[in-house]
Structures are given as structure tokens and as C-alpha cells.
Amino acid sequence: MEFKTLLLGDLAKYNSEKILVNETNEKYYISTDNMIADKKGVSGVSKLPEKGKVNYYIKEDILISNIRPYFKKIWFSESEGGHSSDVLNFRTYNNNIIPKYLYYCLFQDEFFNYMMSTAKGTKMPRGDKSAIMKFPIFVPEIREQRKIVKLLSNLDEKINVNNEMINNLEEISQTLFKRWFIDFEFPNEEGQSYKSSGGEMVESELGEIPKGWESSRLSHLAEIIMGQSPKSDTYNNNNVGLPLINGAADIKNNVISANKYTTAPKKIGVTGDYVFGVRATIGLITRLDTEYAIGRGVGIARGKNVIVDEYLFELLNIAFEKFKITASGSVYLNVSRNDLNNYKFILPTDSILVKYHQLLEPFFEQKMSLYKEIQQLEQLRDTLLPKLLSGEIEIPEDLEV
């Protein structure tokens, strides 16, 4: 397979078209704030400027955050709308390249490393727009581009389907949690909704609660263990010892992405523990699937009984949302062991917790399976990507992709 080597500037240009703010809306406005790190696309909405004009993007434009390129924020647009000036908009103008193929070229770690190597500034580096356009692109004939795009797009589509399934499972879980433990409409002994069918309510320090329930503190439900970082001379990248979770950066989309190992862990999390960030970025509650060394930027909650596992997960998410609100005026977010131990909540009866556990356990197991499959698919895609784009691997003509 023959490749031409061209510069990015030979294939695409920065789009500088503008539209009025009132010609777009929050759903279709892209800023660095609602672009997701590690090449996860975009999420949610971003606040629009109050007036004036914003940059304009169309379907198949490639949007990349130019602030702190090491966050690797990139999106292949699926619609049209507006974007902030801190987001670079690449639009192809050369008929020798397919927009989605160029997207995968810029999706590579090699491109983001190049952006950083030419970036300006230290505290908040920005890519040098002129230098970026000198990034080399290997361009095969259109037919080969289509084959590569199809293979990589199929992998991405499977990842997207899995993410949608996870979102649906989480929505169902959250709905059930709210109905049972906030609205108090859990099934009574006759299978009827407790509160609306006249279930007895009693006063507590947290308001009215079902009879037999009580106000409690998190320390009653789980053991809270704060991390402690091992000495740096015990770190290695050779998979010797235990993988180390040192901070929230190692917890990505409910999957642990530990980059270092340690031969002398100070604190250890075990299978079934919930790990979460406690400094700067807090929360991101994730269940451990094996043993990990736990560094100072994270903590773990170890349920005292298996029947509380699913309830504990939702409770931790609610707790951290409240911690974020109460600490919103702080320069540096920090959650202590005391904060967690003393967090007050409503404790249901054991019989209700058992029913909830039996109902939700299959949901949580399926989520874990989907997360692991996503991780495997992403690893496969990221391994194939540079080999396909360099011509090291050629897709056979008869291969089903």
C-alpha cells in the first residue's frame, strides 16, 4: 500500500466562520468545558455567551480543545452549531482525504504529544496554531482510507452501544434508589408501594422516615480507609507488585487506569471496595475488581456487609455531590475521613436492603462486564490505530469489518 506524506495544512484549514449566539443553543455549543478528556467526545451542555458571535461548525468538522492539549479532547462533529474560540475547528478542503480518516489521524496520542511539544505557556499551555498545521499525515488512496475508517468506526460504534447500555442501567438504578429510599415507595409485605399505601412514617432528625428505619452515619455502613502514597523509589512500570491508584486521574469512566506499580504499598484496596477521589477532583466512585495500592489522592469505602453494596454505591454518589456543593467556595476541594464517617443518611431495615441487593446485583454485574469490554475495545482500537495509519498493517480485501 502506497502512502503519501502530507502536512496537516495541506489537507485541512482552521474554519473561522461565525454565527450569532442566538443562532445556536446550549445543546449544540461546544467549549473546552463540555469536551471530555481522553478522547471521549462531548457531554452535556456548555453555557453560551450572552451576546455577539461564536465560531461555527458543521457536520464532519473535527473539534479539538487547544487549552492543555495533554487532556486529549477531540470530537468528530455529528451536527452543526457553535463553539468557543478555545476550540480548534479543522475542516478538510482536499479531496484526497476523507474527514473521518483525518479525525483518526488526529485522534492518535502522537498528535497530542506533538501539540504539547509545540505549545506555548506553562500553567495553561496552548497549541501553536501554525506549528500544528505542520503535523505530518500519512495519506493512502481513498479506497484504503474507507477500509480503515470502517474498521475503526465499527469498534467505536460498539463502544458507544456499550456506553448507552451502561447509561440505561444507571438510569434504572438511580430511579429505583430514588423510589425506594427518597420517596419511600419500596414494596411492603403485600407488594404495594409503602408510603402511598399508608405505610407508617415517624419523625427523625432527617425528617419523616418509614417506621423501623433510622438516621445513621456512614461509618455504620462502611469502613473508610484513606490512601497513603508509597515511597517513589518503590514505583515501577514493569507490573511488579500492586498497581497504584494515586489520584482521580487513575479513575476514568468507572475503569481503573493505573499507570504505575509499587512493591511497598502502604494502604491496599481489595475486590469489592469502592474507590473515589478525595483531593481536587472528588468522587468518581468506582468498584475495585482486584487488589490495588491506594495513594493519598483517593480513599476507599469497604461495606461491612455484602447486602449494602448497591445501596452504598448510590449513597456515596449523593454524599460526594453534597461535598462538592459545600466546598464550592474552596480553592482546593478536599474530603477527609471524618467528613465521610460523619455523613448522615437514612438507614433502611436489613430486610429492605436484602431485597434491594437481590434486585440490583445483576445490574451492577452487567455494568462491570460492559466497562471491561469497553476497556478491551479501546485497547484494541488504540493498538491498531497507529499501525493502520502508518501502513504497518494492511486490511485484507476479504476481511469483514
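Does tyrosine 311 count as buried or exposed, and at what relative accessibility? At 2% relative accessibility, tyrosine 311 counts as buried (buried is under 20% relative accessible area, exposed over 50% and partly exposed in between, with a 1.4 Å probe and protein chains only).

The model is predicted, so local features require pLDDT of at least 70 and side-chain atom pairs pLDDT 80 or more, whereas totals for chains, interfaces and linings use all residues. Residues are numbered from 1 along each chain as its sequence is written, and side-chain values use heavy atoms, without hydrogens and water.

In the whole structure, 27 aromatic pairs were found (rings of Phe, Tyr and Trp, the last by its six-membered ring, with centres within 6.5 Å; stacked if the planes are under 30 degrees apart, edge-to-face if over 60, tilted otherwise). One of them joins phenylalanine 177 and tyrosine 311, with centres 5.5 Å apart and planes at 35 degrees, and is therefore tilted. Phenylalanine 177 belongs to helix 5 (residues 142-181) and tyrosine 311 to helix 7 (residues 309-326), so the contact ties together parts 134 residues apart in sequence (helices are DSSP runs of H or I of at least four residues, strands runs of E of at least two, numbered from the N terminus). Phenylalanine 177 is buried, at 5% relative accessible area.

The rings of phenylalanine 181 and tryptophan 213 are also tilted, at 6.0 Å between centres and 40 degrees between planes. Phenylalanine 181 is buried at 6%, and tryptophan 213 is buried at 7%. One aromatic cluster includes Phe177, Phe181, Trp213 and Tyr311.
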